[in-house]
Amino acid sequence: MKTVSLTIDGKKVTAPEGEKVLWAALDNDIYIPHLCAHHDNSSPDASCRLCWVEVEGRLKPVTACTETVEAGMAVKTRGAASRRLARTALELLLASNEVDCANCAKSGNCQLQKIAAHLKVNLKSRRFRQIPRQLPVDASSPLFIYDPNKCVLCGQCIWVCRKQLGIGAIGFAHRGFNRKMTTFGDGPIGQSQCAECGDCVAACPTGALVFKEH
Ligand code: FES
């Protein structure tokens with residue numbers, strides 16, 4: 001396999017040709033916040049807008065999950081412009097996300113907590129007006145609970161269910177603020193074709209999908 005050499009935050013690294021900057025960084029222990037990217041997805045949606053980085057010679061920051069490594073490339077993950085964009089994306093996400101860490105089963109193992117700490121953003125940030133979604137919690141599965149109010153719309157659960165398992169019990173519905181992960185026809189997950197494997201729960205980066213028994 002051909003590799004290319006580049007620098008990330010001044011560190012010389014190599015990555016397989018065609019690799020995205022995000023994975024090259026993570027493989028070399030350089031953390032870049034991310035929620036929606038999946039390594040096996042060659043055409044990422046880049047919907048969470050958290051993985052901003054700066055590339056020498058480029059006028060504007062780019063998303064690391066869509067940017068392909070190039071020989072000689074110099075990437076900065078902590079530049080002021082990329083930080084500002086990532087912080088704004090996180091604070092917008094938090095404005096419609098239920099943050100209740102004290103009562104959340106994923107607390108301590110939640111990517112939102114990790115990203116907020118990395119970007120130095122308060123999880124209770126009130127920079128933007130709070131617009132809670134107030135959607136009903138789905139406890140119809142015997143295995144897990146789905147709380148859409150804690151969902152960050154990363155699509156990791158959908159990817160696992162559809163692409164890796166070939167089941168496709170869940171998907172996205174609606175657009176804009178009303179967008180949500182749900183079943184076909186928006187029915188209870190327990191009455192869908194869910195196979196109750198629990199892989200979606202394992203893939204969920206927040207407390208949106210949690211097992212009933214911890
Ligand atoms: S991980 Fe790049 S936009 Fe979500």
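Predicted model: local features only at pLDDT ≥ 70, side-chain atom pairs only at ≥ 80, totals over all residues.
Residues are numbered from 1 along each chain as its sequence is written, and side-chain values use heavy atoms, with hydrogens and water left out.

**Overall fold**
- The protein chain holds five helices and nine strands; helices (H or I, at least four residues) and strands (E, at least two) are DSSP runs, numbered from the N terminus.
- Along the sequence, the order is β-β-α-β-β-β-α-α-β-α-β-β-α-β.
- The radius of gyration is 18 Å, close to the 17 Å that the globule rule gives for 214 residues, so the protein chain is as compact as a globular protein of that length. The radius is taken over C-alpha atoms, and the rule is 2.2 Å times the number of residues to the power 0.38.
- The C-alpha atoms fill a box of roughly 50 × 40 × 30 Å along the principal axes.
- Of contacts with a separation of 6 or more, 59% link residues 24 or more positions apart; contact means heavy atoms within 4.5 Å.

**Surface and charge**
- Of the 214 residues, 49% count as buried. Buried means under 20% relative accessible area, exposed over 50%, partly exposed in between (1.4 Å probe, protein chains only).
- The protein chain exposes about 11,500 Å², and carbon and sulfur atoms supply 50% of it. Areas come from the Shrake-Rupley method with a 1.4 Å probe; for residues, only the protein chains shown count as cover.

**Helix α4**
- In α4 (residues 156-164), the residues Q156, C157, I158, W159, V160 and C161 are buried.
- The buried residues of α4 pack against β7 (170-173), β8, α5 (199-203) and β9 (209-211).
- Just after α4, G166 has a positive phi of about 70 degrees.

**T182**
- T182 sits in strand β8 (residues 180-183).
- Its relative accessibility is 6%, so T182 counts as buried.
- The T182 side chain makes a polar contact with the side chain of D186 (2.4 Å). Such a contact is a pair of N or O atoms within 3.5 Å; within protein, one must be able to donate a hydrogen and the other to accept it, and residues adjacent in sequence count only if both atoms are side-chain atoms.
- Not counting residues up to four places away in sequence, T182 touches A169, I170, G171, A173 and G187.

**G10**
- G10 lies in the loop between β1 (3-8) and β2 (11-16).
- G10 counts as exposed because its relative accessibility is 67%.
- G10 and V75 are 65 residues apart in sequence, and 7.9 Å apart in space, C-alpha to C-alpha.
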